[in-house]
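Please consider the structure shown here with attention to its disulfides. The paragraphs below lead through them one by one.

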Amino acid sequence: MKPAIQIGLVLLLAASAACSSNSNPVSPSGVSGASSVAAVPEGTPTLKANVPSSPMPESGSTTALGPSNTIAVTLSVATATATHVSSVQVAHRFQLWEGSTLIAEPLVPAVAGRTSWAVTSQLKFNTTYTWRARAELADAYGQWSPNWTFRTPEQPAAAASLPFAIPASCGSRPNPTSNRIQCVSDVARVSPEWGRCQGGSGVGCHRFTRHVAASLAASDPAWGLIGKAPGETQCTWNRCGGLSGEGYGEDVVAYLASPDRFSGWIGFDIVSGAGAPGANIAWGGPLPRRSTNYWTPVPSPIDR
């Protein structure tokens, strides 16, 4: 569109807005604290456009945990349009608050149907955020949407107790049980237990296995360990042997592919030569299931 035509449309839409009866937009309740983000102009709307609607995530909902124990949030609204000139695409301003602090307000180009913004600000676990959106065209702006909220998920307890940052290679995948040797390898580089495992410690190998399982479960809670029946060789955080059923498989991570914990799991051996000097990382499986074994989540805290 030629600049002169666009300017004319802005003036037309602004004049129309001036004649409308839209009330002044208000800031979110209790959102007036200090901020490192410079707020955009407020006041009577100067652009005649419908108000963004149909928020996603839905207001009041809790978002899902993202890959590698991250908080991945994308805010989306039904795209607003200029009231009298529907062929003009209006940009969308998003505003995001944590408590009373404005933390971001990007201007996003409009997309037919829905306009989205993938939040790039660092969000916190188990925290409620407030957001809203409005249409903008050049220096003109429409009415703010209602205030919406979402809550971020709680940090997985097992993952929270890991002594290292979870490698990105342990994030979720469309095919979760595909070869995850890269995740195992990356955890071996940062886990303090891998050296003990290579030195011949069965307990060290089991602790390393918990580190891998917790890293995988951070983005896909279907990952866990294998529970053992009394008398079978098994490990706790502090010992391995023929225990009375309180332990887990020494070096096996398992994925719960169906709700049945006894028959719905798929196991993988992640240490070759566990319990002996010179152990190596592996991704062996799927392993045959035993009727006495069952899927169980990673203990929380991880050293329980």
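What follows is an account of the disulfide links and the exposure of their cysteines.

The structure is a predicted model, in which local features need pLDDT of at least 70 and side-chain atom pairs count only at pLDDT 80 or more, while totals for chains, interfaces and linings use all residues. Residues are numbered from 1 along each chain as its sequence is written, and side-chain values use heavy atoms, with hydrogens and water left out.

A disulfide is a covalent bond between the sulfur atoms of two cysteines. Here the term is applied to a pair of cysteine sulfur atoms within 2.5 Å, and by this rule there are three disulfides. With the bonded cysteines of the protein numbered in sequence order, the pairing reads 1-2, 3-4, 5-6.

Cys170 is joined to Cys183 at an S to S distance of 2.1 Å. Because the torsion about their S-S bond is about 95°, this disulfide is right-handed. Cys170 lies in the loop between helix H2 (157–160) and helix H3 (181–190), and Cys183 in helix H3, so the pair ties together parts that are 13 residues apart in sequence. Helices are DSSP runs (H or I, at least four residues), numbered from the N terminus. Both Cys170 and Cys183 are buried, where buried means under 20% relative accessible area, exposed over 50%, and partly exposed in between (1.4 Å probe, protein chains only).

In the disulfide of Cys197 and Cys205, the sulfur atoms are 1.9 Å apart, and the link is right-handed, with 85° about the S-S bond. Cys197 is buried at 0% relative accessibility, and Cys205 is buried with a relative accessible area of 0%.

Cys235 and Cys240 are joined with an S to S distance of 2.0 Å; their link is right-handed, with 110° about the S-S bond. Cys235 counts as buried because its relative accessibility is 0%, whereas Cys240, at 33%, counts as partly exposed.

Note on methods
Helix = DSSP H or I, 4+ residues; strand = E, 2+ residues; numbered from the N terminus.
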